[in-house]
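Student: I have a structure to study and would like to go through it by question and answer. Could we take the parts in turn?

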Amino acid sequence: MSRLFEIGLDGDRSHAVEVARHGDSATLTIDGRNYHGSLRPAGDGYELTLEDRTERIWTYVSGDTVWLHGFGVCWAMSVIDPEKNLATAALSGDLASAPMPGTMINVGVEPGDAVAAGQTLVVIESMKMQSEIIAERDGVVDRVFVAVGETFDRGAPLVSLELIAEPEED
Amino acid sequence: MSLPSKVLVANRGEIAVRIIRTLRRMEIESVAVYHALDADGRAVREADEAVELFGETPVGAYLDSEAIIAACAESGAEAVHPGFGFLSENADFAEALAAAGILFIGPPPDAMRAMGDKIESKRLAKAAGVPTLPGSEDAVADVEEAIAVADQIGYPVLLKASAGGGGKGMRTAVDADACREAFERASSEALASFGDGRVFVERFVERPRHIEIQVLADTHGTVLHLGERECSIQRRYQKVIEESPSPVVDEATREKIGQTAIDLARAVGYTSAGTVEMIADDDGGFYFLEMNTRLQVEHPVTEAVTGIDIVEQQVRIAAGEPLGFGQEDVHFNGHAIEARVYAEDADAGFLPATGRLGIVRFPAGDGLRIDHGVVEGQEVTASFDPMIAKVIAHGATREEAIERLRAALAATVLLGVITNTSYLGRVLANPHFKAGDTHTGFLDEHHDQLAPRALDAELERCLVAAAALASPRFDPRLAAPEPLAEMGEWRP
């Protein structure tokens, strides 16, 4: 049995999911109930079987977003590790970057502010889901790159912290 | 004069691909131009040859007329098709091409200039006998004159920038106070956007339909109309769904408004393909809006119902050939509807979306035409217009065209970027749309009805299961995540 992940549909409703694979099929535990399922290549896409239902789908995985086409509609599903809380992410200690494209909703800091590890820097919205971008370490805000209402691409810098000066060598 | 043997297409994306296809069918060689962002694009792949453009911005590359003329010299292209947008309505560009001995596939520069200014074009339309909305004859000098004109024609009024477009420099006013504010906002917005703050006033039509007439004019004095298109379904003053014929235009009306469009085209010495845009009110009145001196995005619906390739006619007219048919040879067959697929989140205020198109699948079928310019793996950036495809369905009746288009949109698979395909499907399924009860405020008026419906629990469970089975997160063999999956994670 794999670890438990949360899967959100277009950023809205979230489901707790575990997967135990046996060969090319699997037992899926979705919100505490077990289902038998499989996903097999078919034509130029896939065939999903869940219990006695079979659907033709297309899928494209990009990081923690699983894009799906099913029932005539495209969906963006987010796979979230509740332990790591991937939605509240920073790329490195010095720079908080956008985990996905989106819009800036709230900027809680300005250059010069002292922040503590775990403190919320900004709030972004992607695919209708709001995420807090938090400071990975204690430090001082150096720059805020995106203003409220502006959009950005995945990986775009959002907030940087001042570099911690290395002790100079004699 | 014979047809050019090689034509440069000064555009990108789906329209460049569409023009190249007609050139190939006419056995004319094609030259694509491209900015580095489009180097792997479909237009470059389909053209016989391609020349790179360099610009300070990606859009700037396609606006660099000197570089495009140099690309003609380099490739030996004898003519340029400008498509729409970019340089298509730039009279100076057309003249610069002529000076370099290159054919511009479009109207004469004088006609482009005359129609490029909203005040001047309205004056010309009125003189040619085209109905216009009551309003100021010229730009109003100041706020007081704007209010005086508004008092005379009656509220509500619309204040419009003469150089305007895309809804910029346009404000409505319901009384004198609102008119005061609207004048200031419209003129300052127009000055900022177009460097021209002139504003005029006209009567505001409530719940108007946008109806436009396609004309074709050759250099031998033949001017024809190819019927109307209704383009009332708009968001932010941009068309989203277009159809031909309009549900409210009968044959007699078509002849009448078609003839006014022909009269205007003749009055300005127009040649090539052009479109006379009008607004229609609830009482059956049609009023001149503007004339677009180029190919329109929505031209395929006219091609579907008339069987006439408008791009081919543009090339032939530019080469001096007479139109080989008359008005009596233009027949209208069935009904066609086009839906514009945009990379945007329609449910979040039509916010533009970006990303990598990981999966691209378009359907094929009876009466279906897909014009698109994307390839799998392509990045959709914010550098260009967010339109990535047009899906056009033709049927014997409007109902059949709607059903074919709905099915085609449901079978359009674009993964990796948020698109409006399911939103378009919901518009087509809306009972008011089906009834032909459309106006330019349709999407706002029916906003709540057009919101996505909640999925039933079983379908949602299928999607969740598919995502779990597709995600490498759940696969123990992939416990060490790939670099892409790692992006955005905490790092130790």
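**A residue in a loop**

Tutor: With 13 C-beta neighbours inside 10 Å, A:Glu51 counts as partly exposed, because the class lies between buried (20 or more other C-beta atoms within 10 Å) and exposed (12 or fewer), with C-beta atoms placed from the backbone. This is a predicted model, in which local features need pLDDT of at least 70 and side-chain atom pairs count only at pLDDT 80 or more, while totals for chains, interfaces and linings use all residues. Residues are numbered from 1 along each chain as its sequence is written, and chains are lettered from A and ligands numbered from 1 in the order in which they are written.

Student: What is the phi of A:Glu51?

Tutor: A:Glu51 sits in the loop between E5 and E6 of chain A. Helices (H or I, at least four residues) and strands (E, at least two) are DSSP runs, numbered from the N terminus. A:Glu51 is not a glycine, yet its phi is positive, about 55°.

Student: Is B:Arg207 buried, exposed or partly exposed?

Tutor: B:Arg207 lies in the loop between strand E8 (199-203) and strand E9 (209-217) of chain B. Its phi is positive, about 45°, although B:Arg207 is not a glycine. There are 14 other C-beta atoms within 10 Å, so B:Arg207 is partly exposed.

Student: Which strand supplies the largest share of the side of chain A that touches chain B?

Tutor: Here, 53 residues of chain A are in contact with 43 residues of chain B, where contact is defined by C-beta atoms, placed from the backbone, within 7 Å. Strands E1 (5-9), E2 (14-22), E3 (25-30), E4 (33-42), E5 (45-50), E6 (53-62), E7 (65-70) and E8 (73-80) of chain A each give at least two residues to that side. The largest share, eight residues, comes from E6(A).

Student: How many residues of the side of chain A that touches chain B are nonpolar?

Tutor: Nonpolar covers Ala, Val, Leu, Ile, Met, Phe, Trp, Tyr, Cys and Pro; Asp, Glu, Lys and Arg are charged, and the others, Gly among them, are polar. On that side of chain A, 13 residues are polar and eight are charged, and the nonpolar residues number 32.

Student: Where in chain B is B:Pro245 found?

Tutor: The peptide bond from B:Ser244 to B:Pro245 is cis, with omega near 0°. B:Pro245 belongs to the loop between strand E11 (238-244) and helix H10 (251-267).

Student: How many residues of helix H11 of chain B are buried?

Tutor: H11(B) spans residues 299-306 and is mostly covered. Among its buried residues are B:His299, B:Glu303 and B:Thr306. The buried count is eight of eight.

Student: Are H13(B) and H14(B) roughly parallel or roughly antiparallel?

Tutor: Helices H13 (398-410) and H14 (421-429) of chain B pack at about 160°, with axes 9 Å apart. Axes are lines fitted to C-alpha atoms, for helices over the stretch in contact, and angles run from 0 to 180 degrees between N-to-C directions. Angles under 35 degrees count as roughly parallel, over 145 as roughly antiparallel, 65 to 115 as roughly perpendicular and the rest as oblique. Therefore H13(B) and H14(B) are roughly antiparallel.

Notes
Contact = placed C-beta atoms within 7 Å.
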